[in-house]
Amino acid sequence: MLDEKYISQLVESVIKNISSDNALAPGKNQLGVFDTMEEALEAVKKAYKLYRGYSVEQREKMISNIRRLTLEEAEVMARMGVEETGMGRVSDKIIKHQLVANKTPGTEDLRPQVMTGDQGLTLVEMAPYGIIGSITPSTNPSETVICNSMGMIAGGNAVVFNPHPNACKVANYAVDLVNRAIREAGGPDNLVVSVKKPTMDTSKMMMECPDVKMLVATGGPGVVKTLLSSGKKAIGAGAGNPPVIVDDTADIKKAAIDIVNGSSFDNNLPCIAEKECFAFDSIADELIDNMTKNGAYLIKGDMIDKLVKVALVEKDGKFSINKKWVGKDAGLFLRELGINADPRLIICETKENHPFVQVEMMMPILPIVRVSNIDEAIEMAVKAEHGCRHSAHIHSKNVDRLTAFARAVETTIFVKNAPSYAGIGAGGEGYTTFTIAGPTGEGITAAHSFTRQRRCVMADGLHIV
């Protein structure tokens, strides 16, 4: 582990360098980052033409190098991300980068199929789409670039990124990292590219380019709708508002710890995180008590109303998030209320129709709603999830209740008796991704998601039975 002072100086130096006019010019400080989208597209087309001749073994060497550099530079990117966006927690972002490095699948995810019979042999293989255009968010900027790059490269593709403008520095740092790893492994330059200053225009140019055969985006409903209107194969990772239910059979102490840890992770930025809690009235007091003993701070009465005015914006009776406060530390919110404390999470009791329940907050604020029974809990939770079918969670030892909620909510990720992040492999089985494609149905994306099936048929023989 590098010492704190050295890391801080390194991050400060990196951010200063990438802020200068010439720092992002290709061939200088950052590989694969271009001044214009035209230049980026031209470069990636040349790289993909070369990459088509590379073997699966060579792809895997590149991916192994990306894993190594991501682990080595996880802390640098974590600090850069917080510095640039003002969102999240450095310690949690380090964990996210480590998760991406260790649990993003590579070429092993590409599984061919073989069919044999009296009519011969048929082989189905996973082939690349070609050049993929990817739009990445400000919430997980470098993590998404690295995760998507690994999966897309494993599938034999090249990638052009249009990062979120508010996180383009750290995203482009990740693009450079990926290209450095590829170059060290003997791969072509500019297999992954981006633009220095991403805009709506650069995004439009990327999506409309005939050489870009697939589009992948992580963002809200507007981004997903735009992708689906492109006429191209599109993978959309949309918004969510994940509920968590706690019933009277749950291990209440464990549920409290799990929910605090999951809901406060990276200040609630992950789209899978617990955003609202529905607790049986009979155990609600015990749950809240255990939460306050494990990193949560309970506010009541007019303090809740004051917090609404800080965290949300009201217009014509409708509430939306105050973007200035997304991903901020819980202690900053409390200081706005005149409270001197620095917990991981703020909790409060509300009714089911409260804006904290119905709006996807992406802030370390968790509303808790008391319910009488499982039917009421499921009804409220499904309503709060808004049909996004993203993620949902429950703490219960009753199998019938677990099953009933899973069937009712129909989410891509469903976590039982664990923190929300177990759903992407952190403390749970299975691989990880930061592109969770609920709207378009691919679910937990990996290398296979970025490929198309090709069938090769040979009749008359070649099987031995």
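Guide: A polar contact is a pair of N or O atoms within 3.5 Å. The model discussed here is predicted.

Visitor: At the start of α8, how far is a side-chain oxygen of Thr199 from the backbone nitrogen of Asp201?
Guide: The cut-off for a polar contact is 3.5 Å. The Thr199 oxygen and the Asp201 nitrogen meet it at the start of α8, the former reaching to within 3.2 Å.

Visitor: Which residues of helix α8 are buried?
Guide: Helix α8 covers residues 200-208. On its other side, Met200, Asp201 and Glu208 are exposed. The buried residues of α8 are Thr202, Ser203, Met206 and Met207.

Visitor: Within what arc do the buried residues of α8 fall, seen down its axis?
Guide: An α-helix has 3.6 residues a turn, so residues three or four places apart point the same way. In α8, the buried residues are Thr202, Ser203, Met206 and Met207. They line one face of the helix because, seen down its axis, they fall within an arc of 135°.

Visitor: What covers the buried residues of α8?
Guide: The cover includes both helices and strands. The strands among them are β4 (131-135), β5 (158-162), β6 (192-195) and β7 (212-218). The helices among them are α2 (37-51) and α9 (221-228).

Visitor: Which helix gives the most to the lining of the largest pocket?
Guide: The largest pocket has a volume of about 1200 Å³. Of the 50 residues that line this pocket, the closest to its centre are Pro137, Ser138, His164, Gly219 and Gly220. At least two lining residues come from each of α4 (74-85), α5 (90-103), α8 and α9. The most, 5 residues, come from α9.

Visitor: Is Thr85 buried or exposed?
Guide: Thr85 lies in helix α4. Its relative accessible area is 18%, and the cut-off for a buried residue is under 20%. Thr85 is therefore buried.

Visitor: How far apart are the C-alpha atoms of Thr85 and Ser138?
Guide: Thr85 touches Ser138, Asn166 and Ala167, leaving aside residues up to four places away in sequence. Thr85 and Ser138 are 53 residues apart along the chain, yet their C-alpha atoms are separated by 7.1 Å.

Visitor: Which backbone nitrogen does the side chain of Thr85 reach?
Guide: A polar atom of the Thr85 side chain lies 2.7 Å from the backbone oxygen of Gly81. The side chain of Thr85 also reaches a backbone nitrogen at 3.1 Å, that of Met87.

Visitor: Which backbone oxygens does the side chain of Asn241 reach?
Guide: Asn241 sits in the loop between β8 (233-237) and β9 (243-246). It is buried, with a relative accessible area of 2%. Residues that Asn241 touches include Lys275, Glu276, Gln358 and His386. Its side chain reaches a backbone oxygen at 2.9 Å in Ala384 and another at 3.0 Å in Val357.

Visitor: How far apart in space are Thr451 and Met152, C-alpha to C-alpha?
Guide: Thr451 belongs to strand β20 (residues 451-459), and it is buried at a relative accessible area of 8%. Beyond four places in sequence, its contacts are Leu110, Met126, Ala127, Tyr129 and Gly155. Thr451 and Met152 are 299 residues apart in sequence, while their C-alpha atoms are apart in space by 8.2 Å.

Visitor: What volume does the largest cavity have?
Guide: The count comes to 1 cavity of 30 Å³ or more. Residues lining the largest cavity include Thr104, Cys147, Gly151, Thr433 and Phe450. The volume of the largest cavity is about 40 Å³.

Visitor: What is the phi of Asn417 near?
Guide: Most residues other than glycine have a negative phi. Asn417, in the loop between β17 (413-416) and β18 (436-437), is partly exposed, with a relative accessible area of 32%. Its phi is a positive value, near 55°.

Visitor: Over which residues does pLDDT stay under 50?
Guide: The protein chain averages a pLDDT of 93, and 93% of the residues score at least 70. Where pLDDT is low, the predicted coordinates should not be read in detail. The stretch under 50, with 21 contacts beyond four places in sequence in the model, is residues 18-27.

Methods: Residues are numbered from 1 along each chain as its sequence is written. This is a predicted model: local features need pLDDT of at least 70, side-chain atom pairs count only at pLDDT 80 or more; totals for chains, interfaces and linings use all residues. Side-chain values use heavy atoms; hydrogens and water are left out. Helices (H or I, at least four residues) and strands (E, at least two) are DSSP runs, numbered from the N terminus. Buried means under 20% relative accessible area, exposed over 50%, partly exposed in between (1.4 Å probe, protein chains only). A polar contact is a pair of N or O atoms within 3.5 Å; within protein, one must be able to donate a hydrogen and the other to accept it, and residues adjacent in sequence count only if both atoms are side-chain atoms. Contact means heavy atoms within 4.5 Å. pLDDT is the predictor's confidence in each residue, from 0 to 100. The arc is that of the directions from the helix axis to the C-beta atoms. On a 1 Å grid over the protein atoms alone, a cavity is a set of points where a 1.4 Å probe fits but cannot get out, and a pocket is an open set with protein on both sides within 12 Å along at least five of seven lines; lining residues have an atom within 4 Å of a point. Grid points are joined across faces, edges and corners, and a volume is the space filled by probe spheres set on the points.
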